[in-house]
Amino acid sequence: MSPLWLLTLLLALSQALPFEQKGFWDFTLDDGLLMMNDEEASGSDTTSGVPDLDSLTPTFSAMCPFGCHCHLRVVQCSDLGLKTVPKEISPDTTLLDLQNNDISELRKDDFKGLQHLYALVLVNNKISKIHEKAFSPLRKLQKLYISKNHLVEIPPNLPSSLVELRIHDNRIRKVPKGVFSGLRNMNCIEMGGNPLENSGFEPGAFDGLKLNYLRISEAKLTGIPKDLPETLNELHLDHNKIQAIELEDLLRYSKLYRLGLGHNQIRMIENGSLSFLPTLRELHLDNNKLSRVPAGLPDLKLLQVVYLHSNNITKVGINDFCPIGFGVKRAYYNGISLFNNPVPYWEVQPATFRCVTDRLAIQFGNYKK
């Protein structure tokens with residue numbers, strides 16, 4: 001893979017919204033859903049923007065670890081079977097790619113002198129131990145990708161400059177209070193694929209964070225955590241064991257634009273629960289055990305996409321989606337999925353979807369007992 005190509009993609013990603021993971025090293029394995037681009041959804045921090053272009057000008061340093069490719073301050077050492085972080089990395093390196101190796105430990109001086117590093121990629125190694133001062137030299141680090149390793153805890157003393165942390169598919173069971181202390185610039189955390197239960201989050205674990213995006217999918221949650229940052233625009237809790245949404249579960253998340261709760265075991269959504277989400281644009285409740293369309297959807301004036309497929313819904317009422325009267329809803333639906341439900345769709349009244357942009361936006365049928 002060309003280092004120049006990697007750098008180009010890095011620059012493209014650095015200008016994206018914190019929850020738009022369409023390009024460079026998308027390790028979340030997102031479900032490919034369309035991302036929102038309206039200005040209200042950005043919520044991006046001015047400190048999380050583009051790296052200093054002057055720092056990305058060509059370097060003529062002769063330092064390059066054996067077997068690696070070095071160009072334009074990008075050092076690519078992936079897929080080399082490395083056991084440790086290589087030496088002789090140029091101090092002006094901006095991007096260090098160490099993914100797909102056999103590194104098991106990050107030592108105190110592994111990143112010594114790399115004060116200009118912007119992105120560090122350690123995905124798919126065997127890291128189980130990180131020295132408490134391993135990241136101390138990385139004063140400008142904004143992106144840390146350390147997914148698919150053997151970590152049992154969040155690394156200590158993360159750089160205060162960090163904007164994006166991807167630590168999914170590890171062995172983390174606990175998120176202690178203070179582990180994110182001082183991370184004022186952080187706006188995106190991906191921590192799915194860890195055996196986290198609700199009890200694993202200590203009270204105040206996310207204190208001080210102003211996140212836009214948080215994913216805790218493929219964990220062991222049985223309910224919606226109640227102590228997450230209030231600033232969230234996107235919350236993804238797919239592939240857990242959540243059974244119900246109670247009245248105050250969503251109380252503090254009034255800024256959500258997208259809520260992902262697909263592939264859970266949700267049977268009940270208490271009336272009034274969704275009223276705390278006035279800015280919600282997209283709601284994923286597919287692959288659950290709902291027997292009816294959740295109450296309160298017509299009151300969500302900005303809601304545009306609802307995924308309800310693969311549930312146990314047997315009836316769709318004429319006012320389940322759209323408000324009564326005109327001019328109430330500010331944004332029409334452009335996607336409603338109801339397929340793979342035992343709904344006799346020929347009995348559904350056409351007026352049920354009077355606030356949908358196009359009939360092709362409605363997906364019915366294909367139910368098998």
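Which residues does Asp286 touch, not counting residues up to four places away in sequence? With contact taken as heavy atoms within 4.5 Å, Asp286 touches Leu261, Gly262, His263, Tyr307, Leu308, His309 and Asn311. Before we go on, a word on the model: it is predicted, local features need pLDDT of at least 70, side-chain atom pairs count only at pLDDT 80 or more, and totals for chains, interfaces and linings use all residues. Residues are numbered from 1 along each chain as its sequence is written, and side-chain values use heavy atoms, leaving out hydrogens and water.

Asp286 sits in the loop between strand 15 (282-284) and strand 16 (305-307); strands are DSSP runs of E with at least two residues, numbered from the N terminus. Asp286 is buried yet has no salt bridge, and the nearest side chain of opposite charge, Arg215, is 11 Å away. Here buried means under 20% relative accessible area, exposed over 50%, and partly exposed in between (1.4 Å probe, protein chains only). Lys and Arg count as positive, Asp and Glu as negative, while His and the chain ends are not counted. A salt bridge needs a side-chain nitrogen of Lys or Arg within 4 Å of a carboxyl oxygen of Asp or Glu.

By this rule there are 12 salt bridges. One of them joins Asp249 and Lys226 at 3.1 Å, N to O. Asp249 lies in the loop between strand 12 (244-245) and strand 13 (258-260), 23 residues from Lys226. Asp249 counts as buried because its relative accessibility is 6%, whereas Lys226, at 54%, is exposed.

Asp102 and Lys83 also pair, at 3.9 Å, N to O, and a network of salt bridges links Lys83, Asp102 and Lys126.

Technical notes. Helix = DSSP H or I, 4+ residues; strand = E, 2+ residues; numbered from the N terminus.
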